[in-house]
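User: Please examine the structure shown below and answer a series of questions about its architecture.

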Amino acid sequence: MGPERRVILGVDVGTTAVRAGAFALDGSARHVRTHAYPLLQPLPGWQVQDPDVLVAATLAAVSACVADAAGAEVVALAVSSPRYGVIGLDATLSPVTPLLTGRDTRSAEVAHDLRVSGQSRELHRVTGTPVHPGSPLCKLIWFARHEPYLCSATRWWIGLKDYLVHRLTGTLVTELSTASGTGMFDVHRRVWSAGVLDLVGVSANQLPPVLPTTGVLRLSSAAGQAVGLPSGTPVVVGAADGPSSSLGAAAIDSTVAGLTLAAAGALRTVVAAPLVDPAETFSCAALTEDEWVVGATVDNGGNVVRWAGSALEPDRHPASDDQLAAPELLALAERVPPGSDGLVMLPYLLAGPTPAAGSGPPGAYLGLRSEHSRGHLVRAALEGVCLHLGGVRDHLAELTPVSSVRLTGRAFRHPLWRAVMAAVLDCPTQVAGEDDDAALGAAALGLFAIGLAADLKGAVTLLDPEGARTRPVAVDPVLATTYRGLRAKLPALHAVVGRVGEILDEVAAGPGVGWRTTTASRDVVGG
């Protein structure tokens, strides 16, 4: 990359890895670096990380990108991260807790209590965030119940990106996107909700000031030395990973939804103002003050098909860190006709922290016959995931129009995933060829923030010229007809398997504990 070029750095700090990209302002080049880190599980339901390990990985990834773009002018650095993490800091701004990730479900009992009491509906109406164990609101109530001494030692409660920005700039702030995911921020009035804070037991002065997502700070000299950039380089605080992914996928028109699928999945669309889902399924988070993203995550994604491979063919598909199915496994499924010869899978192997994440009864294969092969079992799993995502799209369309969908994520590199998903959606569908949507979205928002793009769409176009990354996916009418029939039968199948699940819960509980069911607790985690 020549010295005349200019680049912007987009950094997406995820749950298991940080992805940093140096994007040329004319779209001619990009350099992407990934650094992984562990997700710790010290107790059942606890999923935490050392925030300083994430900072070190971020600095390393950014430094590598700067080296890759040697000779280029770095106009800014912009950041994206998950919005449900929580870190407690003391008065010296040192962590007194690990990062509690959005996957940490220790506060499931709190979420259950809020739902049973009826408080969850009003909390969702005010904050745009469903009550679930992953939300900071539930985590802070859990700390108040179980760690009162730690609470008294905590001066600040912040999110992951807040900590990263502090380490990059020396300034402790949050931004509208992260704040709108805490479950404590009034998304309509754009302030911390006094009523919610009273419920949580946290004061407003324990939470950082809220900047716009386009807020610009300056890189500190220490951080600059660590990554090879001049001190004073603009740092755009940016948005959360979901809104950033929507922007990076160019799914920012009001009727376009972005569907991302890797191990897990997500479906989102952009609206002009906060939109609250009466069913308490979808969350609403800011991209900017005038663009808000409504969507949901789905834990049962490509990892379901990966599970099918490891369970059915452990000799050919040994366990690995890759949570997607091997191409050889998908090749078996490709030989099976659409509909898997009557075999249906409900893919709810993981009970997620939000309603959409689990969204169903226990996982099950239905209609199993002796003529069904490994390929049938794998294809039924893949079809089950796509049918579930199609149902999420239908629910989203009840809130706001969805006329087309953009597919992104590693799963859609394979033609079978693309073909089945497009047929289930049965609407104009495009697929993007890269997996760096959140990093690209962060970079595009950064360009807009520092005035090098007139609007968000123009920023994406600068970094990724129109049509360079996306191509249409043809909808096979035969597949579409098959899956339309299957989707019509799913509600009845859910009801039957849901009842079976209740019976199995009774059996598991046993007479010694009164033959209790655990239906209520399944409701909390998405069943």
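User: Which residues of helix α2 (residues 108–116) are buried?

Analyst: The model is a predicted one, in which local features need pLDDT of at least 70, side-chain atom pairs count only at pLDDT 80 or more, and totals for chains, interfaces and linings use all residues. Residues are numbered from 1 along each chain as its sequence is written, and side-chain values use heavy atoms, with hydrogens and water left out. Helices (H or I, at least four residues) and strands (E, at least two) are DSSP runs numbered from the N terminus; buried means under 20% relative accessible area, exposed over 50%, and partly exposed in between (1.4 Å probe, protein chains only). On that basis, the buried residues of α2 are Val-110, Ala-111 and Leu-114.

User: Which exposed residues does the face of α2 turned away from its buried side carry?

Analyst: α2 is followed by Gly-118, which has a positive phi near 85°. The face turned away from the buried side of α2 carries the exposed residues Glu-109 and Val-116.

User: How many residues of strand β2 (residues 17–24) are buried?

Analyst: Two strands pair if DSSP finds at least two bridges between them. β2 runs antiparallel to strand β1 (residues 6–13), joined by seven bridges, and antiparallel to strand β3 (residues 30–36), again through seven bridges. Ile-8 stands opposite Phe-23 in β2, while Val-18 stands opposite His-35 in β3. Strand β2 is mostly covered, and its buried residues number six of eight.

User: Which residue takes a positive phi in the hairpin of β2 and β3?

Analyst: The hairpin of β1 and β2 has three residues between its strands. That of β2 and β3 has five, and the residue with a positive phi, near 75°, is Gly-27.

User: What is the N to O distance in the salt bridge of Asp-464 and Arg-30?

Analyst: A salt bridge is a side-chain nitrogen of Lys or Arg within 4 Å of a carboxyl oxygen of Asp or Glu, and the whole structure holds 14 of them. Asp-464 counts as buried at 10% relative accessibility, whereas Arg-30 counts as partly exposed at 24%. Their side chains meet at an N to O distance of 4.0 Å.

User: How far apart in sequence are the parts tied together by Arg-121 and Glu-280?

Analyst: The closest N and O atoms of this salt bridge are 3.6 Å apart. Glu-280 is buried, with a relative accessible area of 7%. Because Arg-121 lies in helix α3 (residues 119–127) and Glu-280 in the loop between β16 (265–271) and β17 (283–286), the parts tied together are apart in sequence by 159 residues.
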